[in-house]
Amino acid sequence: MTEKVLMKGNEALAEAAIRAGCRFFFGYPITPQTELAAYMAKRMGKAGGVYLQAESEIAAINMVYGASAAGKRAMTSSSSPGISLKGEGISYMAGADLPGVIINVQRGGPGLGGIQPSQSDYFQATRATGHGDFHLIVLAPSTVQEMTDYVFRAFDLADEYRMPVMILADGMLGQMMEPVVLPEPKTELPEKPWAVTGHRGERPHNVVNSLYLKPEELEDTNIERFERYERIKAAEQRAEEYLVDDADIVVVAFGASSRIARSAVNKAREKGIKVGLIRPITLWPFPVNAIGAAADRAKAILTVEMNMGQMVEDVRLAVCGRVPVEFFGRAGGIIPTPVETLAAIERIAASLEGGAR
Amino acid sequence: MAPTVNILLAGFGGQGILFAGKLIAYAGLIEKRELSWLPSYGPEMRGGTANCSVCLSDEPIGSPLVLEPDVLVAMNQPSLDKFADAVVPGGKIIVDSTMCQRLPERDDVDIFPVPSTQLAEDNGLKGLASVILVGKLLREIGFCDPRALDEAIAKSVPPKKAHLLPKNRKAFEIGMLNEDGESVPVCSLPDDWAVE
Amino acid sequence: MSKVVYKRPEALTEAPFSYCPGCTHGIVHRLVAETMDELRIEGTTVGVAPVGCSVLAYEFFGCDMVQAAHGRAPAVATGLKRALPGNVVFAYQGDGDLASIGMAETVHAATRGEKITIIFINNAIYGMTGGQLAPTSLPNQITQTSPYGRDVNEAGFPIRVVEMLSTLDGVALAQRVTVDTPKNVRAAKRAIKKAFEYQIEGVGYTIIEVVSTCPTNWGLSPSDALQWMRDNMLPYYPLGVYKDVKADGFANVAEAAAARALALAGGNVEKGDTADPAAEGGEA
């Protein structure tokens, strides 16, 4: 096994992206993702790639659009307010079927919000990053190791399905250090015959485009894309299950809040409460299969998030009314404590015991 | 096997709080333990309080944010006042007593005042008060083998500042040998331990 | 044997132009395509189409093409050129795209000295959306959204784009041309070709502004539109070379910028007396 090193989440992610073959990074400073761009500025040139600080997040995502159109692995990173600005370019990438990786190291919102960790961009990432009918694949790491592993995977997913992939992290994961094993660098990258690299008289000209003035043609592209999305839903749902098999109560939490939830689950188990945890790894496609199966066995579900209640809507859709779905969250950059999360579990346990439901 | 320990280090920006946390984290890495290091970040760091959560364990770390520390290392009065009550009963508080005049009035925790800023000044180790406190911390709770911490120091001092390595080691030794607080050391310097 | 005096450029596809009668886009498209033919670069060129009337440029140019979001063509072209440094990259933009919504991207691509070529069509109006006030609409010009004429106290002043960009160190060539007469068409062609050549040589950022017409939205016949352009636009947007670092004796923008910095650091140097600015007490 390769040696473990101690790295900040932002830096480990950046290093893993380079090892995944990303040679084009376009950024713009914003807390709490700045170390990511700084790391790229230091390393990308030495790796034979391009680091460029764009004039805005809007320009940065459009530079990704250009580099990706040229067939290269390209990435941009930002935090919540900056992701809003990238929404336009992400929509164009989806419309032009361009791969690319977007990192959101989330902070509290709305507006300028704060700079402390948050998960309040769940809706933005999974529902409407930009205008139009489209999805991103959204991966939610919960450790520094996963920051590296998921970004490494993200580039493959993006190329395989020709669509943008987002890593939805947060300020805590970006700023913290943990031991991490870095992946071996990729040496072979997929061919991209659709890329605009100059036709050299050897093929018809390639066009990267999202404009279809005939509604029938535009609808056809939408239908094709959603057929692809169905294949992704079937093949790419990922979730981690912890102590779920005998659980009366299943906690659902992703990213940073899943770590707190896991601590709370352990404490609850010590008190004899049968509780488990499902941690969605893919937020889109949402792991409806894992959560649906849990809803068949458990008596109640508790969703824990660092926002006012966003993923809970997907959980309720997956549970489909079979068992009650409660929500506990903290917002504005506050990380919920294991103690208060345990209290939320205990409230549900008490109501189940009291036969209140 | 060393126990799980949740450490909170707090002080002014520039006192070496994050560096001290890094030393502890690296020691954990060297001993192949589970660990996390989480700094406070943002404008509050600029001239304000800086703090840093470090968790060492043999189980995967849940929340890396230490709200109820087993050990508090406080390097100024506002940090001590802010976090002293959060320390778990039976926990320990290590205080830079050069910077803190008022000690917490708790009898359910062990409090170890060390005049680390003064000690650093007296020994030509300006800026290394936090490393002295790491030495004291190791003496009092033995969270790792001292050799691991020595290696951590070697890893953490950047090559550009290699000349500071002996000073860091000396600061650590001063902390390790500090007997204030009447507690029995849980570890002692290994035979092959040498300063400079 | 017959002599071919005119043919459709190889670098244009067979797709018929969708432009209005009298529109100058067709002429400028041809000049760009002829340039690709003459420099034999169609196979290594990637073009960027904007949002506006020329949004469908990707159907007309035979080289590889990318369609960009409104105003973002310079950023997309930057990404392309950084990824394909050995290729030729150009963006074709109108005045609303380049000088309004995309001004930040324009200025920063220019100041970075991106080795790209911008073909800028300035016809003082938003054509595709039906004739609204543009950043280059003239004072008192009547448009759909300035029905009483552009009131500069309300709407501000038009932007002279190449003059502004020529102040930036990254710019190798900034030139304004028009295509109202055969003579001017030939001059425009020379300018466009020079811009592509500078890009290939790696001199720096190049922009050719083409003062153009919009007979449809100006409500004029094609010939009256050209006359209106000559009478009203050319006095406000004079033709000419606003920056040409090679004509100034430099190999590229870096050399030109270094000389300029030296001259400025020299302090109170008389204009035209910058031969040895350091000797003029340049201690700054």
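How are α3(A) and α4(A) oriented to each other, roughly parallel or roughly antiparallel? In this predicted model, local features need pLDDT of at least 70 and side-chain atom pairs count only at pLDDT 80 or more, while totals for chains, interfaces and linings use all residues. Residues are numbered from 1 along each chain as its sequence is written, chains are lettered from A and ligands numbered from 1 in the order in which they are written, and side-chain values use heavy atoms, with hydrogens and water left out.

Helix α3 (residues 57-69) and helix α4 (residues 80-95), both of chain A, have axes that come within 8 Å and cross at roughly 30 degrees. Helices here are DSSP runs of H or I with at least four residues, strands are runs of E with at least two, and both are numbered from the N terminus. Axes are lines fitted to C-alpha atoms, for helices over the stretch in contact, and angles run from 0 to 180 degrees between N-to-C directions. α3(A) and α4(A) are therefore roughly parallel to each other, a term for angles under 35 degrees, with over 145 counted as roughly antiparallel, 65 to 115 as roughly perpendicular and the rest as oblique. On the α3(A) side, the contact (heavy atoms within 4.5 Å) includes I58(A), I61(A) and Y65(A); among the partners from α4(A) are L85(A), I90(A) and M93(A).

Helix α3(A) also packs on a sheet of its own chain, touching β2, β3, β4 (74-78) and β5 (100-106) of chain A, and its direction makes about 165 degrees with that of β4(A). This open sheet has 7 strands in the order β3-β2-β4-β5-β7-β6-β13 (chain A), with mixed pairing. Two strands pair if DSSP finds at least two bridges between them. At the edges stand β3 (50-53) and β13 (282-284) of chain A; each has a single partner strand, so one side of each lacks a neighbour in the sheet. Strand β2 (residues 24-27) of chain A pairs with β3(A) in the parallel sense over 4 bridges, and F24(A) has V50(A) as its bridge partner in β3(A).

A second open sheet, also of mixed pairing, brings two chains together: its 8 strands follow the order β9(A)-β2(C)-β1(C)-β3(C)-β4(C)-β6(C)-β5(C)-β7(C). Its edge strands are β9 (207-208) of chain A and β7 (240-244) of chain C, each pairing on one side only. Within this sheet, β3 (residues 88-94) and β4 (residues 117-122) of chain C pair in the parallel sense over 5 bridges. In β4(C), I121(C) is the bridge partner of G94(C), and T117(C) is that of F90(C). Strand β1 (residues 45-49) of chain C runs parallel to β3(C), joined by 4 bridges, with T45(C) opposite V88(C).

How many of the 7 residues of β3(C) are buried? The count is 7 of the 7, so β3(C) is largely enclosed by the rest of the structure; buried means under 20% relative accessible area, exposed over 50% and partly exposed in between, using a 1.4 Å probe and protein chains only. One face carries V88(C), F90(C), Y92(C) and G94(C), and the other V89(C), A91(C) and Q93(C).

No contact joins chain B and chain C, whose closest C-alpha atoms lie 28 Å apart.
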